[in-house]
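Reader: I would like to learn how to read a structure like this one, feature by feature. Could you walk me through it?

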Amino acid sequence: MDADPFFAGEGDIDAARQIVETVADAELFTYPGDKHLFSDSSLPSYDADATGLLEKRVLEFLGRV
């Protein structure tokens, strides 16, 4: 998520942005919120809406490769 203290707060989001700037056809999708591991349904940080969008985007990506 875009305010995840691990992903955004420790610099991973910046590294991901650099990849998108330098790799053809690379895309970066962030999701609003501050939860880490938001797609793990066994955790309290689970976000069903964000997970649904994540799954949709992953399947679209896999359909292109």
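Author: Gladly! Val58 sits in helix α2. Please keep in mind that this is a predicted model.

Reader: How far is Val58 from Met1, C-alpha to C-alpha?

Author: These two C-alpha atoms are 16 Å apart, with 57 residues of separation along the chain.

Reader: Let me step back to the whole chain. How many helices and strands does the protein chain have?

Author: The protein chain has two helices and zero strands. Along the principal axes, its C-alpha atoms fill a box of roughly 35 × 30 × 15 Å.

Reader: What share of the residues is buried?

Author: Of the 65 residues in the protein chain, 14% are buried. The accessible surface comes to about 4800 Å², and carbon and sulfur atoms hold 56% of that area. As for contacts, take those with a separation of 6 or more: residues 24 or more positions apart account for 43% of them.

Reader: Now for pockets. What is the general idea behind looking for one?

Author: Rolling a probe the size of a water molecule over the atoms shows where empty space is left. In this model, the largest pocket has a volume of about 260 Å³.

Reader: Which residues line the largest pocket?

Author: The lining consists of Asp25, Glu27, Leu28, Phe29, Tyr31, Leu54, Arg57, Val58, Glu60, Phe61 and Arg64. So Val58, where we started, is part of the lining of the largest pocket. By class, the lining residues divide into six nonpolar, no polar and five charged.

Reader: Let us look at Tyr31 then. Is Tyr31 buried or exposed?

Author: Tyr31 has a relative accessible area of 7%, so it is buried. Its place is in the loop between α1 (12–22) and α2 (48–64).

Reader: With which residues is Tyr31 in contact, leaving aside its neighbours within four places in sequence?

Author: Tyr31 is in contact with Met1, Asp2, Phe38, Ala50, Leu53, Leu54 and Arg57. Two of these partners, Leu54 and Arg57, are also listed in the lining of the largest pocket.

Reader: What should I look for in the backbone angles of a loop?

Author: Most residues other than glycine have a negative phi, and most peptide bonds are trans. Asp25 has a positive phi, near 65°. Leu37, in the loop between α1 and α2, has a positive phi too, near 60°. With 49% relative accessibility, Leu37 counts as partly exposed.

Reader: Next, a polar contact. Which backbone oxygen lies 3.3 Å from a polar atom of the side chain of Thr51?

Author: That is the backbone oxygen of Phe38. Thr51 lies in helix α2 and is buried, since its relative accessible area is 4%. Beyond its neighbours within four places in sequence, Thr51 is in contact with Phe38, Ser39 and Tyr46.

Reader: And where does Tyr46 lie?

Author: Tyr46 belongs to the loop between α1 and α2, and it is partly exposed because its relative accessible area is 36%. Apart from neighbours within four places in sequence, Tyr46 is in contact with Phe38, Ser39, Asp40, Ser41 and Thr51. C-alpha to C-alpha, Tyr46 and Arg57 are 17 Å apart in space and eleven residues apart in sequence.

Reader: One last case. How far apart are the C-alpha atoms of Asp34 and Ala3?

Author: They are separated by 4.3 Å, while the two residues are 31 apart along the chain. Asp34 is found in the loop between α1 and α2 and is partly exposed, with a relative accessible area of 44%. Leaving aside neighbours within four places in sequence, its contacts are Met1, Ala3, Asp4 and Pro5.

Key
Residues numbered from 1 in each chain as written. Predicted model: local features only at pLDDT ≥ 70, side-chain atom pairs only at ≥ 80, totals over all residues. Heavy atoms only, no water. 1 Å grid on protein atoms, 1.4 Å probe; cavity = no way out; pocket = protein on both sides within 12 Å on 5 of 7 lines; lining within 4 Å. Points joined across faces, edges and corners; volume = space filled by probe spheres on them. Nonpolar A, V, L, I, M, F, W, Y, C, P; charged D, E, K, R; others polar. Helix = DSSP H or I, 4+ residues; strand = E, 2+ residues; numbered from the N terminus. Buried < 20%, exposed > 50% of the residue type's maximum accessible area, 1.4 Å probe, protein only. Contact = heavy atoms within 4.5 Å. Polar contact = N/O pair within 3.5 Å; in protein donor to acceptor, adjacent residues only side chain to side chain. Areas by Shrake-Rupley, 256 points an atom, 1.4 Å probe, with all protein chains shown as cover.
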